[in-house]
Amino acid sequence: MSIDNIRLSQQAKDQLIKLKRLTGIAYWNELCRWGFCVSLAEPSIPTNINIPSDSNVEMSWRVFGGRNSDIFMVLLKMRVLKDGLPLNDETLAQQFRLHLHRGISYLSADKSLRGIDDLVSLVVKPA
């Protein structure tokens, strides 16, 4: 396991508070999963920036991923390989952090996101 704990930035915490209010989703980890997946769906590689760990929101990998933590790890590894990056613990931790924060930021900036229905509509297309 390459990722034990993740501490979010204060900016991400503030964005999660907004998302909790908009969606009614009460748990940080569930919103983080949405953000992570939104970022993975973006074809570009996240910009390699220094993200401070300056909030009090921290969770373990198991809390982040829940019963699907192994699936999230496979998704991360697949994306790292697709992006042509080395598959090592340091890169996995860095890319997870970058994807997580980018995805939270994308969700928070989405003006059409007004509730949980809008969140679900990001991934479920009408028949």
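A salt bridge is a side-chain nitrogen of Lys or Arg within 4 Å of a carboxyl oxygen of Asp or Glu. The model is predicted, so local features need pLDDT of at least 70 and side-chain atom pairs count only at pLDDT 80 or more, while totals for chains, interfaces and linings use all residues. Residues are numbered from 1 along each chain as its sequence is written, and side-chain values use heavy atoms, with hydrogens and water left out.

**Salt bridges**

The whole structure holds 3 salt bridges. Select Glu58 and Arg7 to begin: their closest N and O atoms are 2.9 Å apart. Glu58 belongs to strand S2 (residues 58–60) and Arg7 to strand S1 (residues 5–7), so this pair ties together parts that are 51 residues apart in sequence. Strands (E, at least two residues) and helices (H or I, at least four) are DSSP runs, numbered from the N terminus. Glu58 is partly exposed, at 42% relative accessible area, and Arg7 is partly exposed as well, at 31%. Here buried means under 20% relative accessible area, exposed over 50%, and partly exposed in between (1.4 Å probe, protein chains only).

Next, select Asp70 and Arg62, whose side chains form a salt bridge at 3.8 Å, N to O. Asp70 counts as exposed, at 52% relative accessibility.

Then select Asp83 and Arg79, which are joined by a salt bridge at 2.8 Å, N to O. Are these residues buried or exposed? Both Asp83 and Arg79 are buried.

**A nonpolar patch**

Select Ile71, Val74, Leu75 and Met78, which make a nonpolar surface patch of about 360 Å². Patches consist of residues with over 30% relative accessible area and no salt bridge; like charges are joined within 9 Å, and nonpolar side chains (Val, Leu, Ile, Met, Phe, Trp, Tyr) within 5 Å. Areas come from the Shrake-Rupley method with a 1.4 Å probe, and for residues only the protein chains shown count as cover. Val74 lies in helix H4 (residues 69–82) and is partly exposed, at 45% relative accessibility.

**The largest pocket**

The largest pocket has a volume of about 220 Å³. Of its 13 lining residues, select those closest to the centre: Ile49, Ile51, His101, Arg102 and Ser105. A pocket is an open set of points on a 1 Å grid over the protein atoms alone, where a 1.4 Å probe fits, with protein on both sides within 12 Å along at least five of seven lines; lining residues have an atom within 4 Å of a point. Finally, select helix H5 (89–109), which with helix H1 (10–23) is among the helices supplying at least two lining residues each. H5 gives the most, with 4 residues.

Methods
Grid points are joined across faces, edges and corners, and a volume is the space filled by probe spheres set on the points.
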